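Dear colleague,

I am handing over the structure below, and I would be glad if you could look through it alongside my notes.

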Amino acid sequence: MTTNLQKLAMLAAVAAFAVLPVFLKSYGVYLCTLFCVYLMATFGLNLTVGYAGQMSLGQAAFLGIGAYIAAIGLKFGLPFLIVLPMAAVACFAVGLALGFPALRVQHHYLAFATLGFNILVYLLMRNEEKVTGGTFGISNIPRPSILGISFDGTLPFFWFTLFFTLVVIGVLWWLLSSPWGRAFAALRDNPIRAESLGVNITAYTLLAFAIGAACAGVAGTFFATLVQFIEPAPFHFSWSLMMLLAVIVGGSGRFLGPVLGTVIIVLLPEWLRFMQNWYLAVFGFAVVALMIWLPGGLLSIPERFFAKEGAK
Amino acid sequence: MTTRPSFLEVKDVRKAYGAIKAVDGVSLSVGPGEIVGVIGPNGSGKTTLFNSILGQIKPTSGNVEFCGEDITGMSPLELSRRGVGRTFQTLQVFTHLTVRDNLIAAAQEFKGTLGGRLFAKNDAGLGHHADEMIELFRLKHVAHLKAGTLSYGQQKLIDIAMAFMPAPRLVLLDEPCAGVNPSLVDQLHDRLVELNKTQGGSFVVIEHNMDFIMKLCPHVLCMVEGKVLAEGPPAEVQANRQVLEAYLGN
């Protein structure tokens with residue numbers, strides 16, 4: 001259970017993060033907003049992979065589906081608050097469909113099934129020029145404006161995105177604190193036993209994919225309105241790998257794991273840019289080192305520390 | 001032969017893997033509140049019989065009735081909804097959940113609907129019942145620990161306690177004493193007797209520990225090479241010459 005002190009610390013961290021961009025240049029604000037966008041997607045993926053134990057290498061595809069629905073919808077003149085649930089519901093439905101292979105195959109076979117899905121979606125985005133603009137993409141995507149309040153500026157848009165990120169995280173917290181969270185964990189730990197105890201593994205497997213996908217769909221909507229120009233590259237399967245990396249590096253199945261993991265995939269490469277040509281090599285080395293020494297993710301450090309203290 | 005009221009009725013169940021007959025025409029009946037033991041050497045088809053009854057595998061022929069309903073080939077999920085529980089030969093706990101959460105997870109899916117559980121309290125209203133079960137199985141000192149961090153014997157107790165959490169009408173226990181130290185075996189016997197009294201469910205128990213099964217089960221069935229070799233009160237089965245030759249020895 002979260003103690004009051006932990007709750008206070010989390011509130012303080014959120015408040016500090018909300019204020020931080022005031023002191024940053026526009027690129028810094030952009031990075032903070034991008035961090036929020038990927039947080040929504042990685043929190044969703046953590047539910048699918050970390051809590052329910054269903055391997056997925058297709059999260060970037062859902063991010064892309066959400067982004068394209070938002071881009072097309074907003075360019076068409078639909079209000080943001082209509083486009084947002086449209087993207088979430090569409091990704092939920094596609095996620096539900098992608099969950100069906102998980103009922104037949106598991107682990108690396110499932111990883112390849114979802115990877116294939118990501119490649120398929122990527123090819124559709126690249127080749128269906130009439131709808132997606134192909135490699136030329138869709139430009140001039142408007143920023144949201146709600147009840148006459150425009151979120152066009154970098155700072156208002158950051159706060160707007162942060163608000164929705166907190167909503168997504170709050171919904172997932174509520175969901176995982178309900179008996180559903182325990183059922184997802186049962187599905188992950190031992191599906192055969194879970195089924196013999198009445199856990200509807202078909203329903204929970206499909207829901208794990210669908211909810212994770214819906215989170216990425218919401219993230220995609222914010223991605224499109226953040227960059228205001230989308231093309232297929234950010235939805236390549238390599239970004240699914242990066243998001244999976246974020247979940248694992250942060251601590252798969254730990255609620256706040258994606259926060260640290262997303263820092264690693266979004267912010268760390270930026271901080272390492274001063275190394276110029278070496279930065280990707282150092283980034284890669286840092287990830288390898290983390291996987292070797294902290295297979296339980298960054299959030300497993302306190303547990304390991306206390307286990308060592310207890311052994312003394 | 002005495003006639004016992006039927007609750008679970010297994011009729012001429014067969015399961016073949018190619019030319020190998022794992023279960024070869026086994027019939028078995030279990031009455032309400034009755035505890036039936038199944039003994040036999042390794043490879044005699046006991047677990048295959050369990051898996052055929054419990055929907056883990058589909059029998060080649062024969063049928064299984066529970067409370068008058070044909071449940072042959074039903075999925076474990078459908079069977080659990082009808083009040084049929086089980087334990088497995090190997091440990092099957094949720095290693096990353098605490099002991100208390102393991103017990104709650106074992107029964108929460110029987111409370112309300114899938115949608116309703118999303119809005120339910122975290123313990124689905126089962127906290128008190130889980131605490132009672134923890135008390136019954138003497139697991140209070142480890143209730144807050146993750147099941148995967150506990151000893152084999154403790155996990156075995158959790159495993160069995162989980163099967164009883166939803167108060168099933170019928171429980172099939174596959175080698176509950178395997179790998180459990182002798183002091184825990186006695187404890188396990190007492191817990192099962194108590195649960196049989198309080199919950200009133202029927203048990204079918206596969207076990208190699210003869211003292212345990214003879215003490216627990218008023219009716220025993222011995223399987224050898226997929227067939228029932230002898231059936232009856234424990235003392236009778238234990239004294240059966242064919243059972244002595246094929247399984248128990250002199």
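What follows is a short account of a sheet and of a helix pair.

Please note that this is a predicted model, in which local features need pLDDT of at least 70 and side-chain atom pairs count only at pLDDT 80 or more, while totals for chains, interfaces and linings use all residues. Residues are numbered from 1 along each chain as its sequence is written, with chains lettered from A and ligands numbered from 1 in the order in which they are written.

Strand 3 (residues 35-39) and strand 9 (residues 219-224) of chain B pair in the parallel sense over four bridges, and Val38(B) has Leu221(B) as its bridge partner in strand 9 of chain B.

Between the chains, helix 8 (residues 179-189) of chain A and helix 3 (residues 99-108) of chain B (helices being DSSP runs of H or I, at least four residues) have axes that come within 10 Å and cross at roughly 100°; the axes are lines fitted to C-alpha atoms over the stretch in contact, with angles from 0 to 180 degrees between N-to-C directions. That makes helix 8 of chain A roughly perpendicular (65 to 115 degrees) to helix 3 of chain B.

Key: Two strands pair if DSSP finds at least two bridges between them. Helices (H or I, at least four residues) and strands (E, at least two) are DSSP runs, numbered from the N terminus. Angles under 35 degrees count as roughly parallel, over 145 as roughly antiparallel, 65 to 115 as roughly perpendicular and the rest as oblique.
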